[in-house]
Amino acid sequence: MIKILIAVALLCAAVFLGPRLADSQGFVHIATDNYIIETSLTTAIILALVAFVVLHIVVNLLNRSIKLPRSTSNWFARRRNKKQQAILGEAFLAYEEGAYQRALGLVRKYGAKGTLPASLLFLGAKSSFKLGDLVGCRNYLDQAEQTPSGSLLACRLLRAKLNLRLGNAQAALENLDQVKKDSYTNAITSKLLSECYEQEGEYDKLIGILPQLKKLKLLNDDEYQAALLKAINAVVATSQDSNSLVGLINKLSRSERGDAELMTPIVTKLVALGDTVNAAKYTTTLLKHSAATPLLEAIATWREAVPAVLKELKRQEQQNSVGAQTNQPLLKALANLELKEGKTNEAKEHLQQAFTLGKSPELYLLAAELNERLAQYDEATKFFALAVRDQSFAPVPVEPETKQEPKEEAKAEAEAETKTEAEQKSA
């Protein structure tokens, strides 16, 4: 728009001044040294304009000549950057393809270690680790920590992951302690911490972090239940006093304290440690809400008398007398606790009812204990032998089957190995 206005203004000036200059073009006199230049004003203006245009062209040519090396340098820089980007892509592809030696070679080809970006330094560290070069891996990570474009947080997390793979959970924990408070990496640090605790056998700490994993949706309900049960069993197996078990129960949520599957190993260990008071407290609460079969099966193996639990079981038996006659786990639990309290007649009655529903090693052991208390040692020995051998009163010969089974299993394993090798070759 401005150019149009300027053109219109020049046109108006030409229309106005043209006729005047045509009648009287003016006079220009230039005298210098021994030279005198005389010309009309119109000619002088035209010459000045032409001189200005020529000077403009000359100046542009000189500028382009001066900038030529810089343009050439920029072209080479763009070419180098394009080549480095291609190397970068090839290096990451080589790592994903499992060609770790080639990936490491491309990392070195990209440039000197001091000029590598953080992403390539991480790639070099992981490739070196895959190749078993722990010194090279450590050097790449040290360099990544010093790089301005690097991330100390990412370096710590990568060190933790690699140390976990080496089985060095202690070193992994040292790195995670410095980043676990960062909310940005809450999910990954929680997951790594759980792996460290499991590797170190610190299951009490693992139980404390499992709810966080569930909250972050790193574990679904089934996975959480399985992981929690595994951790509880591990803690129970190593516990030597009831206080630690009570502390473990306090770590559980209210719904978990009402879960018979989770609580059964804990209350069973409390009985084994002689803390029948706490065992009775938690067991009776569980029985009032749900008489789960695993809990009843566990009660049938207790080696101590727990009167409060026996009272609760009798109450349930009286409330459902018909159902109790067909509930073998309940009958076994009743018989066991009655034996521990010396109530042999009642225990004998419940054992007879249980035997009508089926035979098992647990029943044989209870029968052996009952006969021992009745001073019927021959019968006790008989039932004990049946429990050890896990056979019925009318044993069926199984020798031919036991001889053939290993051969069939070996044949099946050989076929599976052959199939696996064929699949690997085809892949």
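A375 sits in the loop between α20 (361-373) and α21 (377-389); helices here are DSSP runs of H or I with at least four residues, strands are runs of E with at least two, and both are numbered from the N terminus. This is a predicted model, where local features need pLDDT of at least 70 and side-chain atom pairs count only at pLDDT 80 or more, while totals for chains, interfaces and linings use all residues. Residues are numbered from 1 along each chain as its sequence is written, and side-chain values use heavy atoms, leaving out hydrogens and water.

**Positive phi in loops**

- Most residues other than glycine have a negative phi.
- A375 is not a glycine, yet its phi is positive, at about 65°.
- A375 is partly exposed, with a relative accessible area of 45% (buried means under 20%, exposed over 50%, partly exposed in between, with a 1.4 Å probe and protein chains only).
- K217 also has a positive phi, near 65°, and lies in the loop between α9 (203-215) and α10 (221-238).
- K217 is exposed, with a relative accessible area of 74%.

**Aromatic rings**

- Rings of Phe, Tyr and Trp (its six-membered ring) pair if their centres lie within 6.5 Å; planes under 30 degrees apart count as stacked, over 60 as edge-to-face and the rest as tilted.
- By this rule there are 3 aromatic pairs.
- Y95 and Y100 have ring centres 5.3 Å apart and planes at 65°, so this pair is edge-to-face.
- Y95 is buried at 13% relative accessibility, whereas Y100 is partly exposed at 22%.
- F355 and Y364 make a tilted pair, 6.0 Å centre to centre with 35° between the planes.
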